[in-house]
Amino acid sequence: MDINAPSRDDIESMARDAVAALPEPFRGPAAAIAIVVEDFAPVDMLADLDMDAFELTGLYDGIPMTEKSVMDQPTGPDTVWLFRRPIIDEWADRGNVTMRELVAHVTIHELAHHFGWSDADIARIDKWWE
């Protein structure tokens, strides 16, 4: 087992692998989403969500496909944010998943929001938290 914590580049690579492994018709649209890895969420993002820095492992920032309109004026690319330190902490706390599995899970969860799924929709089919 590698005892070195993954870098931001490592986590981004794992996330891109997860996107590449998606079945069509999801892979193409998911590949168009920007993936940004930071150590922690920005302070303003945490304040907007009323969350602690170690609570947020990922976030989708954009307009879900089910809500997009040709009239929308994009202000930037849809983005999946992944937060390295909270991901590492969750991985250590769980102890029963690989880092690759956890990064894939967080990435796919955030991409599901891009496809228009709510947290409740995701929870109905994703038994990850049980």
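At 9% relative accessibility, Val-37 counts as buried, where buried means under 20% relative accessible area, exposed means over 50% and partly exposed covers the range in between, computed with a 1.4 Å probe on protein chains only. The model is a predicted one, in which local features need pLDDT of at least 70 and side-chain atom pairs count only at pLDDT 80 or more, while totals for chains, interfaces and linings use all residues. Residues are numbered from 1 along each chain as its sequence is written, and side-chain values use heavy atoms, with hydrogens and water left out.

Val-37 belongs to strand E1; strands (E, at least two residues) and helices (H or I, at least four) are DSSP runs numbered from the N terminus. Residues up to four places away in sequence aside, Val-37 touches Arg-8, Ile-11, Glu-12, Leu-82 and Arg-84, contact meaning heavy atoms within 4.5 Å.

## The crossing of H1 and H5

Helix H1 (residues 8-20) and helix H5 (residues 99-114) have axes that come within 9 Å and cross at roughly 60°; the axes are lines fitted to C-alpha atoms, for helices over the stretch in contact, and the angles run from 0 to 180 degrees between N-to-C directions. The crossing is right-handed, a term that applies when the near helix is turned clockwise from the far one by less than a right angle, left-handed being the anticlockwise case. On the H1 side the contact is made by Ile-11, Met-14, Ala-15, Asp-17, Ala-18 and Val-19, and on the H5 side by Met-99, Arg-100, Val-103, Ala-104, Thr-107 and Leu-111.

By class, this contact of H1 with H5 has nine nonpolar, one polar and two charged residues, with Ala, Val, Leu, Ile, Met, Phe, Trp, Tyr, Cys and Pro counted as nonpolar, Asp, Glu, Lys and Arg as charged, and the others, Gly among them, as polar.

Val-103 touches Ile-11, Met-14, Ala-15, Leu-82 and Ile-87, not counting residues up to four places away in sequence.

Gly-95, whose phi is positive, near 70°, follows H4.

## Aromatic pairs

There are three aromatic pairs, a pair requiring ring centres of Phe, Tyr or Trp (its six-membered ring) within 6.5 Å, with planes under 30 degrees apart counted as stacked, over 60 as edge-to-face and the rest as tilted. For Phe-26 and Phe-115 the ring centres are 5.1 Å apart and the planes stand at 85°, so this pair is edge-to-face. Because Phe-26 lies in the loop between H1 and helix H2 (27-31) and Phe-115 in the loop between H5 and helix H6 (119-125), the pair ties together parts that are 89 residues apart in sequence. Phe-26 is partly exposed at a relative accessible area of 35%, whereas Phe-115 is buried at 15%.

Phe-40 and Phe-54 also form an edge-to-face aromatic pair, at 5.0 Å centre to centre and 80° between the planes. Phe-40 lies in the loop between E1 and helix H3 (43-49) and Phe-54 in the loop between H3 and strand E2 (58-61), so this pair ties together parts that are 14 residues apart in sequence. Phe-40 is partly exposed, with a relative accessible area of 28%, and Phe-54 is partly exposed as well, with 38%.

## Backbone features in the loops

Most residues other than glycine have a negative phi, and most peptide bonds are trans. The peptide bond from Glu-24 to Pro-25 is cis, with omega near 15°, and Pro-25 is found in the loop between H1 and H2. Asp-50, in the loop between H3 and E2, has a positive phi, near 55°, and is exposed, with a relative accessible area of 70%.
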